[in-house]
Amino acid sequence: MRIGHGYDVHRTAPGRRLVLCGVGIDCEFGLLAHSDGDVALHALTDALLGAAGLPDIGRIFPDTDDAWKDADSRDILRHAVAMVREKGFEPEYADVTVVAERPKLSPYIETMREETARAMDIDPSRVNVKATTEEKLGFTGCGDGIAAHAVVLLRE
Ligand code: MG
């Protein structure tokens, strides 16, 4: 077994489309990024790459590369999963936590879980997605940004 952790943050921006775990969220702001800004899938991608001992997301998918401009982060995740499988590992379980004061994500959580599992080509029972606020503290609490953590277990 191999374990990996990923963490990512993106700044909020009015008028951008908010996408978390590949799901469009009804919200008046989105996240600033070279790609679609899916902070949750970026954290998950980094956890996968970390567990497999591969370079981090910023080195494999640099924001200077126009190939990933406005990219659907599910494609970035699919690419990372393929690299992980290429190294002889299979994703056993993934646990993703989104830290956002707003919007309320509970209505989307199940769809986010299913969409993440679909992108990883694994059974939804092997993925967990949850959301928390930070009690109005810090940059997530005041709405300046959204953060995400992910932990992944790989089987060799
Ligand atoms: Mg990112």
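Student: Before we look at the core, how is a nonpolar core defined?

Tutor: A nonpolar core is a set of buried Ala, Val, Leu, Ile, Met, Phe, Trp, Tyr and Cys residues joined through side-chain atoms within 4.5 Å. Buried means under 20% relative accessible area, exposed over 50%, and partly exposed in between, with a 1.4 Å probe and protein chains only. Keep in mind that this is a predicted model: local features need pLDDT of at least 70, side-chain atom pairs count only at pLDDT 80 or more, and totals for chains, interfaces and linings use all residues. Residues are numbered from 1 along each chain as its sequence is written, and side-chain values use heavy atoms, with hydrogens and water left out.

Student: Thanks! Which residues have the most contacts inside the largest nonpolar core?

Tutor: They are Leu20, Leu44, Leu48, Met112 and Met120, in a core of 48 residues. Helix H1 gives the most to this core, with nine residues. Helices (H or I, at least four residues) and strands (E, at least two) are DSSP runs, numbered from the N terminus. In general, nonpolar side chains tend to be buried together in soluble globular proteins.

Student: What does methionine 120 touch?

Tutor: Contact means heavy atoms within 4.5 Å. Leaving out residues up to four places away in sequence, methionine 120 touches Leu44, Leu48, Leu77, Val81, Arg85, Pro91, Ala94 and Val127.

Student: Now the metal. Which protein atoms are donors of the magnesium ion?

Tutor: Donors are N, O and S atoms within 2.8 Å of the metal (3.2 Å for Na, K and Ca); water is not among the atoms, so sites may look incomplete. Here the protein donors are Asp8 (OD), His10 (NE2) and His42 (ND1), lying 2.1 to 2.3 Å from the magnesium ion. Along the chain they follow the spacing D-x1-H-x31-H. Histidine 10 lies in strand S1 and histidine 42 in helix H1 (residues 39-51), so the pair ties together parts that are 32 residues apart in sequence.

Student: Are those two histidines buried or exposed?

Tutor: Both histidine 10 and histidine 42 are buried.

Student: And how do I read the salt bridges: how many are there in the whole structure?

Tutor: A salt bridge is a side-chain nitrogen of Lys or Arg within 4 Å of a carboxyl oxygen of Asp or Glu. A search of the whole structure finds twelve. Take arginine 155 and glutamate 92, whose closest N and O atoms are 2.5 Å apart. Arginine 155 lies in strand S7 and glutamate 92 in strand S5, so this pair ties together parts that are 63 residues apart in sequence. Arginine 155 is partly exposed at 37% relative accessibility, while glutamate 92 is buried at 18%.

Student: Which residues are linked in a network of salt bridges?

Tutor: Asp72, Arg74, Glu115 and Arg118 are linked in this way.
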